[in-house]
4 protein chains.
Amino acid sequence: MSTENSSDLAARQRRLAEFAAARDWGRYHNPKNLAAALSVEAGELVEIFQWLTPEQSAAVMERPDQAARVRDEVADVLAYLLQFCEVLGVDALGALDAKIERNEKRFPVPEEP
Amino acid sequence: MSTENSSDLAARQRRLAEFAAARDWGRYHNPKNLAAALSVEAGELVEIFQWLTPEQSAAVMERPDQAARVRDEVADVLAYLLQFCEVLGVDALGALDAKIERNEKRFPVPEEP
Amino acid sequence: MSTENSSDLAARQRRLAEFAAARDWGRYHNPKNLAAALSVEAGELVEIFQWLTPEQSAAVMERPDQAARVRDEVADVLAYLLQFCEVLGVDALGALDAKIERNEKRFPVPEEP
Amino acid sequence: MSTENSSDLAARQRRLAEFAAARDWGRYHNPKNLAAALSVEAGELVEIFQWLTPEQSAAVMERPDQAARVRDEVADVLAYLLQFCEVLGVDALGALDAKIERNEKRFPVPEEP
C-alpha cells in the first residue's frame, strides 16, 4: 500500500509484513493493538532514562549493556510503527515530509538582529 | 554518526537535525527528553483508538479527519525517533535489521503438518 | 467488588461507576480500553514536563495554568485507574499495601556505619 | 502538603514518602522523573492487554499469573501517582472530585424519551 516502494524503509516494512504473515499474526495486528504495542515499547525506551539526569542520559551509549537496550527499544518502536503503517496503508515518510514542511512554516527561523 | 548515509531515512534525520539546530533547540533535545516526547506522541496515537473496537480501528482511514490525525501522529513518532537516534548516534535501520534477524530465529515459521 | 468499602477511594470508585452506568458507557469500559486510556492520560502528564529541566519541573505549580493542567491530568489518571479496578474487581489499596511490604523487604534501609 | 490527612490514600502517600526518604531517593523523585515512571508503569499495564480481544481482556483475572501481574502494575501506577502528588503538593482526591463535578455538567445524563 505504500508509495515509497524503492526506499530502505519500505523494504523493512515489507519484510516485517512477510514475517507476520508467515506466522499467521495478522489476526493480532489490527491498528488498535499495534498502536498499543508501539506505546508499550516507547515506555520501555523511557524506562532506560527515567532516573537519569539529562547529563547522564547523554552518556547512555558509553555503557554496552545500556547501549544494547537502547538499540533494542529503537528497533521495537520502529518495527511496530512500520507494521501499524502497513495495516492502515499510511506512507510514513510522506507523512513525515508533510509534517516537516508544516513545521518549517509554523516555526520560522529567527532572523539575525 | 549514522552509517546509512544514502538512505531515505537518513536524509530525514539530517533534515530534522538541521531544523532543530537552526532554532537552537539542541539544549532541549537530550535523549531523556526526546524519549519522553516520543512516548507522548505514541500516547496520542493510542488515543485515536482507545474507545474503538478492533473492527472500527481497522476502518479509521475512511474518515478524513481521523486519517489526517493518524498521519500526523505517525509523523511525530517517526520525527522524535529519528531525533533521538541522531543525538545518541543510533543507526535505526541497523538496529531494526538486527532485531528482525534475532526474531526470525526466535520465532521459527511453523512447518506444514 | 472492592473490599475497602468504607474508604475515601472506594467512595470515588463507586461514584465513577455510577457516572459511567448512567451514561451507558459500560460497553466502552473493558479493561483493555481503560488501561489504554490510563496510559494516554499518563502521557499527557509527561507532556507537561517533557522539555523542562528537573529544576523547572519542581516549580511547575507556581504557574496557575500549569498547576491546573497538572491537577487535571492527576484526576484523569486516578479516574481511569479506579474504573479499571472496578471492572476487574481489583482492590487498589490492597495491591498497593502488598507492594509496599514487598518493597520494604526488597530494598532494606541502609544501616548507619 | 495534602489536605486529606485522615484519608486512606493520604496514609499511603505518607508511607511512600517515608519509604523514599529512608532510602535517600528524594534526589531521583522530581516531578519530571515521577511522571515518566508513572507512564512507564501504565505502559506495563497496557502490555498485559495488548494482543487480547476485548472479551479476553475482561477475563484476565481468571488466570492467577495474569491477575498477579495486573495487581502489581496497579500498585506501581498508584504508588508513582501518590509520590508525584507528594512532591508537588497536589491533593489527588480533591483534583478527582473537582473533575467528576465538571464532568457531571459536561456530560449530562440523557433524559428518558
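**Entry 1, ground rules.** I am reading a predicted model, in which local features need pLDDT of at least 70 and side-chain atom pairs count only at pLDDT 80 or more, while totals for chains, interfaces and linings use all residues. Residues are numbered from 1 along each chain as its sequence is written, chains are lettered from A and ligands numbered from 1 in the order in which they are written, and side-chain values use heavy atoms, with hydrogens and water left out.

**Entry 2, chain A with chain B.** I looked up the contact (heavy atoms within 4.5 Å) and found 59 residues of chain A against 59 residues of chain B. The buried area (accessible area, 1.4 Å probe, that two parts lose on being put together, summed over both) is about 5100 Å², with 72% from carbon and sulfur atoms. Arg12(A), Arg15(A) and Lys32(A) supply 12% of what chain A buries here, more than any other three residues. I noted ten salt bridges between these chains, each a side-chain nitrogen of Lys or Arg within 4 Å of a carboxyl oxygen of Asp or Glu. In one salt bridge, the side chains of Lys99(B) and Asp72(A) meet at 3.1 Å, N to O.

**Entry 3, chain A with chain D.** For this pair I found 15 residues from chain A and 15 residues from chain D in contact, burying about 1300 Å² between them, 63% of it on carbon and sulfur atoms. Val40(A), Gln50(A) and Trp51(A) supply 47% of the area that chain A buries against chain D, more than any other three residues. The count of salt bridges between chain A and chain D is zero. Helix 2 of chain A (residues 31–49) gives the largest share of chain A's side, nine residues; helices here are DSSP runs (H or I, at least four residues), numbered from the N terminus.

Buried residues (under 20% relative accessible area, 1.4 Å probe, protein chains only) include Leu93(C), Leu96(C) and Ile100(C). The buried residues of this helix pack against helix 1 (8–22) and helix 4 (64–88) of chain C, together with helix 1 (8–22) and helix 4 (64–88) of chain D. At the N-terminal end, Asp91(C) caps the helix, with a side-chain oxygen 3.3 Å from the backbone nitrogen of Leu93(C).

Key
Helix = DSSP H or I, 4+ residues; strand = E, 2+ residues; numbered from the N terminus. Buried < 20%, exposed > 50% of the residue type's maximum accessible area, 1.4 Å probe, protein only. Polar contact = N/O pair within 3.5 Å; in protein donor to acceptor, adjacent residues only side chain to side chain.
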